[in-house]
Amino acid sequence: MVAGQEDFTLDTAADLAGRERDGNEVRGRSPWALAWRRLRRNYVALASLGVFLLVVVCCLLAPVYANHVAHRGPNDTNLTGSIEVNGKSVPVISNGGATVLPDGTVVVVPAGQPIGPQWGAAGGQYVLGADQLGRDLAVRLLYGGRNSLRIGLTAAAISTIISVLLALLAAYFGGAVDWILSRVFDLIWAFPVILLGIALGTALSINGFHHAGINLAAGDLWIPTAVIAFVFIPYIARPLRGQVLALREKEFVEAATAQGAGPIRIMLTELLPNVASTVLVLFTLIVANAILTEVGLSFLGAGVQPPNASWGTLISDGQAWLSTDPWFSILPGIFIAVTVLSLNIFGDGLRDALDPRAKVRIEH
Amino acid sequence: MRIKQGRTVVLVAVAATGLALLASACGGGGSGKGTTTGGGSTAGKTFAQLKVVWGPTDYMDPGLSYRLASWQIFQDVYMGLVVKAHVSCQTGDCTKILPGLAASLPTSNQAGTDYKFTLRKGLKYSNGEPVKASDFAYTVARDFKLNSPGLGFFANIVGIDGCEKTPTSCTPASITGITSNDQAGTIEIKLKNPESDFLYELSIPFSALVPSSTPLTDTENPPPAASGPYYIASYTPSRSFLLKRNPYWKKDELGMSVPNGNPDTIVGLMTPDQDRSAQLVQSGQYMYDENLLPTTRLAALKQNYGSQIRFWSTPSTYYWFLNESKPPFNNLKARQAVNYATDASALVKLRGGLAIPTQNFLPPSYPQYKKINPYPYNLQKAKQLVQESGTKGDHVDLYTEGDVDTAKSAGEYEQGVLQKLGYNVTIHEIGSANYFTIVGNQATTPTPNIGYADWFEDYPYPSDWFHILLDGDTITKTHNNNYGLVDFKDVNAKIAQLDALPPSQAFTAQTNAEWAAVDNELQTKYAATVPYLNSLLTSFLSSKMDMSCDIYTDSQDDLAQMCLK
């Protein structure tokens with residue numbers, strides 16, 4: 001039995017009234033159906049989901065853009081090349097150099113200025129311009145998004161799965177198991193996320209991870225993924241544990257126990273479904289936080305390693321160019337803001353749809 | 001020395017009289033011309049405070065630092081028995097050796113193995129202690145206790161072997177080749193062999209005298225007492241430093257060939273951020289920027305502040321060292337491939353144009369320089385060589401400075417080059433303050449396979465380059481400057497042979513040609529390194545400063561001689 005089915009909502013009342021008026025038989029709707037109905041009416045949340053999916057699709061299409069539009073990979077440097085712009089050959093990185101005259105005078109022609117946004121003037125190349133190494137900024141923006149989203153989503157998923165398991169174990173068994181796991185959560189929770197992430201990320205980015213049969217090279221994307229997944233465990237596990245603790249005392253759990261159901265069956269078939277909506281909302285919110293954390297770690301050099309792109313590394317690379325080419329940093333910043341904002345708005349809408357009375361938050 | 005780090009040179013050469021060689025050597029390299037002596041007049045140009053922006057450095061202890069950023073400060077703080085002339089390298093001979101704490105240049109025996117100095121009278125350090133003759137032996141012993149990167153300079157002194165064997169037990173008394181008389185103020189230094197650049201070695205900070213009360217550990221807060229016109233009153237690593245006038249410095253009485261100094265105090269703010277440091281001078285908050293101008297804004301700065309900027313060609317070379325002790329770069333074809341695949345003109349662009357491409361190890365200002373181009377850029381050929389070497393797919397750890405934009409970009413460029421060749425590259429970006437200490441430590445893990453490096457002459461002679469950086473006989477466990485562990489026996493022997501020439505033969509056409517041949521052999525036959533550019537450095541002064549007082553010596557701009565409009 002799913003707890004809360006007897007809850008009466010205005011939607012249910014309106015539905016009943018409508019059917020009675022029409023003379024139709026009253027049919028019950030599952031909580032998920034009700035939730036979907038509520039979510040469907042939240043146009044802001046749906047629009048935010050649409051924006052997020054649009055960002056995801058754009059990033060997924062990065063290889064298509066790189067191969068067929070820009071004709072350049074994300075890490076392809078082009079310091080000495082040139083492109084055709086409106087029929088004229090323009091160096092991707094400006095030429096220049098120094099000459100020492102016989103009398104010792106030094107003549108300098110400054111070089112190294114990357115080409116700015118070409119939009120459509122160069123046949124799809126360097127639409128948003130080049131960075132200091134002649135790499136296509138638009139291509140790196142999309143590939144960076146792939147990495148940031150991949151790390152964020154994967155880390156959130158791993159963190160959620162582990163957190164659910166640990167929360168169920170801690171809350172169901174109680175006693176020493178609960179005590180140990182709770183202290184582990186507290187220990188991880190005690191460290192600020194970014195500091196812990198930097199410490200772990202930096203340590204693992206030097207030599208990689210080669211233990212217990214797992215071999216991850218220093219620049220492997222699984223390293224920041226694992227680090228972020230690890231640091232967010234208590235942010236999901238603690239609130240879930242609390243919910244499971246409350247559910248454990250309900251009669252349906254007692255009834256299942258009386259029927260001879262073992263711990264695993266009770267956890268999976270009785271407790272887990274009742275916290276599924278909370279898990280879903282937390283997952284959505286954690287994805288946003290995970291993306292932000294990845295961006296922060298990569299910005300600081302403890303996340304995605306060069307030459308791989310991520311929105312964080314792009315902002316970091318663009319720091320030196322803020323006064324001349326500010327879009328190097330602004331563009332990835334816009335992508336981050338739009339992605340995280342859309343996720344947060346959708347997450348709020350999802351929370352309202354799944355349980356309007358829920359007070360699920362990510363506490364820092 | 002490193003442009004952001006220095007190094008010691010060990011040079012053993014036959015010299016009947018080091019003075020004669022130096023007199024001819026001074027015009028033989030670097031960027032100096034003429035034979036002017038002493039610094040410029042400072043009369044009427046003194047002012048209260050000079051505020052400068054500085055790049056991070058490794059140490060502020062003269063026994064330990066091997067970076068230009070520190071040596072530029074030390075030229076006005078720590079004096080040796082002899083000093084280099086504090087004159088402009090463009091208009092004078094900035095590498096000329098002049099008396100420092102010694103009353104005059106030394107006398108020596110016919111063989112050039114016995115030097116005698118007499119200290120000037122009445123010298124005192126900034127803490128009031130008298131400068132004693134025995135302080136020289138103390139300084140040398142202290143360098144050994146510190147495991148200084150400058151130890152190689154003293155390798156030719158008689159009785160130094162015990163200190164080399166067990167540096168921690170080195171004492172002044174154990175260095176039997178140095179004898180001194182504090183009352184008479186005399187110092188006698190006996191060498192095992194003649195050495196034509198010995199006086200140069202006495203002019204660099206590792207040989208600068210410090211009081212015998214100076215601790216035998218890294219002393220930076222504050223650094224050791226000074227014998228020059230300024231002392232370092234405080235130093236916070238990578239943050240700030242403060243120089244004040246040495247109250248016991250009396251140039252006019254002592255007649256030392258070092259300027260008194262115009263500013264009363266020098267306040268230094270340290271930051272690796274080239275953009276920020278330029279901005280601070282641009283806004284007038286600070287008066288001099290020691291950092292390289294940010295290449296991102298070079299064109300705009302040159303256009304708007306051209307009259308406040310100077311560009312200096314320097315006897316320097318930037319190169320990638322290749323670790324030849326382990327795969328893949330213990331393979332000649334792999335090394336050649338990297339040379340073919342590295343486009344120097346691309347790296348010049350990353351430096352904003354403040355460089356000249358090269359494939360020589362020696363800088364072009366040297367008479368021993370003969371231009372070579374054994375590896376014209378050819379990516380296809382490089383890939384073929386990698387294939388032939390059997391090293392394709394090998395893992396490579398590339399090291400570079402991560403907080404200096406030009407080095408970081410160069411590292412990422414080279415990473416891309418190696419990946420195009422089929423290597424699996426991990427880049428390690430290290431803070432510039434610790435970079436050379438880390439890559440110079442053979443215990444560093446993961447071991448660098450390839451790394452960013454640069455060199456700025458200690459003095460204008462090829463042994464300062466080859467013997468320190470590419471001679472297998474100078475490899476050390478820590479503070480190693482031969483980062484690639486280059487060790488080719490025939491080249492080592494050739495370097496030793498050329499170092500041992502008498503001074504009269506040190507700069508002949510034949511000798512110069514033989515040094516050029518060493519340069520050629522190391523690159524063409526062995527592809528020992530990947531040299532790619534000779535650097536320019538910049539001086540950016542605020543609008544308050546009088547540019548005519550910007551004297552660029554062999555240790556960069558002399559802060560003591562700067563003046564206001």
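**Entry 1: domains of chain A**

I began with the domain assignment of chain A, which gives domain 1 (5–48), domain 2 (52–60 + 136–354) and domain 3 (79–124); such bounds come from an automatic or database domain assignment. Taken over C-alpha atoms, the centres of domain 2 of chain A and domain 3 of chain A are separated by 43 Å.

I note that this is a predicted model, in which local features need pLDDT of at least 70 and side-chain atom pairs count only at pLDDT 80 or more, while totals for chains, interfaces and linings use all residues. Residues are numbered from 1 along each chain as its sequence is written, and chains are lettered from A and ligands numbered from 1 in the order in which they are written.

**Entry 2: helix α4 of chain A**

I looked up which residues of helix α4 (residues 62–70) of chain A are buried, and found Ala62(A), Tyr65(A), Ala66(A) and Ala70(A). They cover an arc of only 95° around the axis, so they lie on the same side of α4(A); the arc is that of the directions from the helix axis to the C-beta atoms. On the other side of α4(A), I found Val64(A), Asn67(A) and His68(A) exposed. Here a residue is buried if 20 or more other C-beta atoms lie within 10 Å of its own, exposed if 12 or fewer, and partly exposed in between, with C-beta atoms placed from the backbone. Helices (H or I, at least four residues) and strands (E, at least two) are DSSP runs, numbered from the N terminus.

The cover over the buried residues of α4(A) includes α3 (43–60) and α5 (137–173) of chain A. Just after α4(A), His71(A) takes a positive phi of about 55°.

**Entry 3: the contact between the chains**

I found that 37 residues from chain B and 32 residues from chain A take part in the contact, where two residues are in contact if their C-beta atoms, placed from the backbone, lie within 7 Å. On the side of chain B that touches chain A, α12(B) gives the most, with six residues.

**Entry 4: strands of chain B**

I followed strand β10 (residues 263–270) of chain B, which pairs with strand β1 (residues 47–54) of chain B in the parallel sense over seven bridges; two strands pair if DSSP finds at least two bridges between them. In β10(B), Pro263(B) is the bridge partner of Phe47(B). Strand β9 (residues 240–245) of chain B runs antiparallel to β10(B), joined by five bridges, and Lys244(B) has Thr265(B) as its bridge partner in β10(B).

Strand β8 (residues 230–236) of chain B is joined to β9(B) by six bridges, also in the antiparallel sense, and Tyr235(B) has Phe241(B) as its bridge partner in β9(B). The hairpin of β8(B) and β9(B) has three residues between the strands, and within this hairpin Ser238(B) takes a positive phi near 60°.

I then turned to an open sheet of four strands in the order β4-β5-β7-β6 (chain B), with antiparallel pairing. Because β4 (107–108) and β6 (178–181) of chain B stand at the edges with a single partner strand each, one side of each is left without a neighbour in the sheet. β6(B) pairs with strand β7 (residues 186–190) of chain B over four bridges, and Asn181(B) stands opposite Thr186(B) in β7(B).

**Entry 5: Pro460 of chain B**

I found Pro460(B) in the loop between β17 (450–456) and α14 (463–469) of chain B. Pro460(B) is buried, with 25 other C-beta atoms within 10 Å. The C-alpha atoms of Pro460(B) and Arg2(B) are separated by 14 Å, although these residues are 458 residues apart along the chain.
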